[in-house]
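Please take a look at the structure below. We will walk through it together, one region at a time.

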Amino acid sequence: MEYNNVKFDAIIATPGCGKTYLCNKYPNKFVDADEIRMNIKYEIPKSLTRTEIENIRGNITYNKRELSKPLWEVVYDVIEKEIKKGKIIIASPHPEFYKFFLDRKIPFCLVYADKCMKDELTRRYRMRGNNEKLVTEFAKLFEEHYEDNKNDTRPNVKYAFTKDEYLEDILNKFNVN
């Protein structure tokens, strides 16, 4: 993948830009790293769709799994296997996902919401069924996260998305077919 003549191999994307939609639409091309983490950490029924899993984020009531290794070690192992299969990893802006890409020198793009997107994102969170507690928390932290993202120097590429733009649209700009 490439944007402004800078190549990258993975994506960290903030909530509300369409990660789940994209991974649902193209499961043989993209992998949602946060979904991997959730499925390893919690005993989530396999019958739940990605959309249903999205709706319980921020209010997970499932039991935590007993793991023989630390959670992130298991998550990293699974992500590495997906990369070897040729899949593009799309992660949420979790510190451990940044660590994964940085430690392995995997160039990545940060896709984040432009400053004008607070109300639009709040609407998107409600439309996708997030609980009100999570919606309120995201809205409260929006400006802080925007500034952090804007000033972040770790990504190889950054892209601030605006109204009516989703991750699939952005990847089309990056010529990802």
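Thr49 counts as partly exposed because its relative accessibility is 40%; buried means under 20% relative accessible area, exposed over 50%, and partly exposed in between, with a 1.4 Å probe and protein chains only. Thr49 sits in the loop between helix H2 (33-41) and helix H3 (50-56). Helices (H or I, at least four residues) and strands (E, at least two) are DSSP runs, numbered from the N terminus.

A word on the model itself: it is predicted, so local features need pLDDT of at least 70 and side-chain atom pairs count only at pLDDT 80 or more, while totals for chains, interfaces and linings use all residues. Residues are numbered from 1 along each chain as its sequence is written, and side-chain values use heavy atoms, with hydrogens and water left out.

Now step back to H2, which is mostly covered, with seven of its nine residues buried. Among them are Ala33, Ile36, Met38 and Ile40, but also Asp34, Glu35 and Arg37.

Next, follow the strands. In a regular strand the side chains alternate between the two faces of the sheet. Strand S3 (residues 10-13) is covered on both faces, with Ala10 and Ile12 buried on one side and Ile11 and Ala13 buried on the other. S3 runs parallel to strand S6 (residues 108-113), joined by four bridges, and Ala13 has Val111 as its bridge partner there. S3 also pairs in the parallel sense with strand S5 (residues 88-91) over two bridges, where Ile90 is the partner of Ile11. Two strands pair if DSSP finds at least two bridges between them.

Ile11 turns up again in the largest nonpolar core, which has 48 residues; Ile11, Phe101, Phe161 and Leu167 have the most contacts inside it. Such a core is a set of buried Ala, Val, Leu, Ile, Met, Phe, Trp, Tyr and Cys residues joined through side-chain atoms within 4.5 Å. Leu167 touches residues including Ile11, Ala13, Ile90 and Val111, leaving aside residues up to four places away in sequence; contact means heavy atoms within 4.5 Å.

Leu167 also belongs to the range of helix H8 (residues 167-173), where Asp169 is found. Asp169 counts as partly exposed, because its relative accessibility is 34%. Its side chain reaches the backbone nitrogen of Tyr166 at 2.9 Å.

Finally, look at helix H7 (residues 132-151), which has a kink of about 55° centred on Phe142. The bend at a residue is the angle between axes fitted to the seven residues ending there and the seven starting there. Phe142 is one of the buried residues of H7, along with Leu134 and Tyr146, and the buried residues of H7 pack against helix H5 (95-103), S6, helix H6 (118-127) and strand S7 (157-161). In the loop between H7 and S7 comes Asp152, which counts as buried because its relative accessible area is 10%. Asp152 touches Tyr98, Leu110 and Lys158, again not counting residues up to four places away in sequence.

Definitions and conventions. Polar contact = N/O pair within 3.5 Å; in protein donor to acceptor, adjacent residues only side chain to side chain.
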